[in-house]
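Me: Hey, I've got a structure open and I'd like to talk it through. Can you go over it with me?
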Amino acid sequence: MSADAVVVGSGPNGLVAAVTLALAGREVLLLEAADRFGGGLRSAELTLPGRVHDLGATVMAMALASPAMRELDLAGVEFVHPPVAAAHPLDDRPAVLVHRDVRRTCEGLGRDAAVWRATAGVVARAGFPLTDLLLKPLGPWGARQLRPATLAAGARFGVPAALPATTLGRHAFRTLEGRALLAGLAAHSMLDLRAPLTGGYGLTLGALAHLVGWPLVKGGSQVLADALVALLRKLGGQAVSGHRVHRLAELDAETVVLDVSPEQFLRMAELPAPYRRRLARFRRGPGVFKLDWALDGPVPWRDPAVAEAGTVHLGGTLEEITLSEAETAAGRHSPRPYVLLVQPYAADPSRGGHTLWAYCHVPNGSAVDMTGAIEAQIERFAPGFRERVLARHVMGPAALEAANANLLGGDIGGGLASLGQFVKRPVWSPAPWRTPLPGVFLCSASTPPGPGVHGMGGHQAARLALKRSMPAWRPDRGQGV
Ligand SMILES: Cc1cc2nc3c(=O)[nH]c(=O)nc-3n(C[C@H](O)[C@H](O)[C@H](O)COP(=O)(O)OP(=O)(O)OC[C@H]3O[C@@H](n4cnc5c(N)ncnc54)[C@H](O)[C@@H]3O)c2cc1C
């Protein structure tokens, strides 16, 4: 297979890499193993005919915040916002709600309004210059935009952001509601909430709800993937699905950008021993167990305000969620797991009826069926939920990995999001997208800035590849196997 540049894998990072290269005038060939493009952006009728489900991502806050995706002309993509970005129901009191508006959110936080304004609110107020820096953590592009005000906001945010969610929750937040909200947001990180940075993950997600919202793509996330493929083709690029690349030696191009896992890269090429050893130390995060449902009506939440939210965090208090995530981190299954649930119909009635998905975290590679535990958590806050289920689709870690080789052991984060792997992703380097093989770059979620639909790994890898000084990949040099 030959072209100026070959991109392997069509997740958001691969797609943005391909488009970035094509925009710079490169002749691009995109190769995707699955039958449909998109990786974590794919949608399919998983339950009943006509019901559109997202196999992976649904909530597109990062796409709207992404400096790379904001710039693209994505014809046909409409972002639709639920009335409430996220809800966190509680057993015996009203749910905590994250609105687009900071003030409305604070109204529900009582004595924690001030701390919310001083943390998540600061990021939202600092706006794109600060979030651009978070999404482009390395390289000169972010640094150049920094104004004193952004630096000050970054410094004010940086201290609480570095803390574990448990420490931040117990010391800075005072109400059960505020602490629970922080825990529900922080648990997106799939980390033990006693780990550093988890506070920051939670606050950043909260800030994005205020800055850009937590929207969905009308019609399903596949629409976004298809728009990126269409843009690539419009720019003269080719995209081929159903083509798995096993070895780099198959590819004849000056530039190769790989939207694949480090583990797969190790199998694809003969790499210098020091790099190979560093890559082999890359650690996986927990897996997820995901359920999709077709319902005959909306979820009967005890607190009706939850029905307005696109995303719902189930698991109760900070203490309870901390326990659930600590169990997973220790390699065990929580009987009352933290559950992340998305109800697309709150924003998008065009998906063929009431569809719903939810997952909980499980040890990497787990084969335990968590259907009962997940549905029990939903019933806890929405009695009568099970009676609404028309059909159910189950994906444990093995099924997720079979659908997308990057999701090793069901790890949807592209590797553990620990402090160590925040700086070593997948290895420590000022340009971690670059590999020791000339002209070969890694761009998947296992590179900075990590998981999410933002395409920034792809953008950064493509920008590096476009530098004039970059040597070219040639399989006949003997590095490919
Ligand atoms: C259930 C779930 C829910 C999620 N929810 C959200 C959300 O709401 N919001 C959000 O922002 N993020 C979410 N994510 C995370 C997000 O989807 C990922 O972080 C993102 O898709 C990673 O993009 P990527 O380009 O690195 O790789 P992926 O999207 O994983 O794509 C990699 C692609 O490469 C292909 N590939 C791999 N190896 C080869 C090969 N050898 N040859 C050819 N092709 C290959 C795969 O088939 C796949 O299509 C979710 C993920 C999952 C699984």
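Predicted model: local features only at pLDDT ≥ 70, side-chain atom pairs only at ≥ 80, totals over all residues.

Me: OK, which domains is the chain divided into?
Reply: There's domain 1 (2-58 + 220-281 + 413-477) and domain 2 (79-215 + 286-405). Those bounds come from an automatic or database domain assignment. Taken over C-alpha atoms, the centres of the two are separated by 27 Å.

Me: How many residues of domain 1 are in contact with domain 2?
Reply: 34 residues of domain 1 are in contact with 36 residues of domain 2. Contact here means heavy atoms within 4.5 Å.

Me: And where does the ligand lie?
Reply: The ligand lies between domain 1 and domain 2, because both give residues to the shell around it.

Me: Which residues come nearest to the ligand?
Reply: Glu32, Gly40, Asp259, Gln264 and Gly452, out of 36 residues around the ligand. A residue is near a molecule or strand if one of its heavy atoms lies within 4 Å of it.

Me: What sort of residues are in that shell?
Reply: The shell has 17 nonpolar, 15 polar and 4 charged residues.

Me: Which protein atoms lie by the ligand's oxygen atoms?
Reply: Aspartate 259 has a polar side-chain atom 2.7 Å from an oxygen atom of the ligand. For valine 453, a backbone N or O atom is 2.9 Å from a ligand oxygen. Threonine 58 has a polar backbone atom 3.2 Å from an oxygen atom of the ligand.

Me: How much of the ligand does the protein bury?
Reply: The protein buries 94% of the 1000 Å² that the ligand exposes when taken alone. Accessible areas come from the Shrake-Rupley method with a 1.4 Å probe, and for residues only the protein chains shown count as cover.

Me: Which elements give two or more residues to the shell?
Reply: α1 (12-23), α14 (262-268) and β14 (354-362) do, and α1 gives the most, with 3 residues. Helices (H or I, at least four residues) and strands (E, at least two) are DSSP runs, numbered from the N terminus.

Me: New topic: is aspartate 54 buried or exposed?
Reply: Aspartate 54 counts as buried because its relative accessibility is 1%. Buried means under 20% relative accessible area, exposed over 50%, and partly exposed in between (1.4 Å probe, protein chains only). Aspartate 54 lies in strand β4 (residues 53-54).

Me: What about threonine 355?
Reply: Threonine 355 is in strand β14, and at 1% relative accessibility it counts as buried. Not counting residues up to four places away in sequence, threonine 355 touches several others, including Arg51, Trp293 and Tyr345.

Me: And leucine 279?
Reply: Leucine 279 sits in helix α15 (residues 273-280) and counts as buried at 2% relative accessibility. Leaving aside neighbours within four places in sequence, its contacts include Phe265 and Pro426.

Me: What joins arginine 425 and proline 426?
Reply: A cis peptide bond, with omega about 0°. Proline 426 is in the loop between α19 (419-423) and β16 (440-442). Proline 448 and proline 449 are also joined by a cis peptide bond, with omega about 5°.

Me: Last one: what is phi for methionine 190?
Reply: Methionine 190 has a positive phi of about 65°, although it is not a glycine. Methionine 190 is buried, with a relative accessible area of 8%.

Conventions: Residues numbered from 1 in each chain as written. Heavy atoms only, no water. Polar contact = N/O pair within 3.5 Å; in protein donor to acceptor, adjacent residues only side chain to side chain. Nonpolar A, V, L, I, M, F, W, Y, C, P; charged D, E, K, R; others polar.
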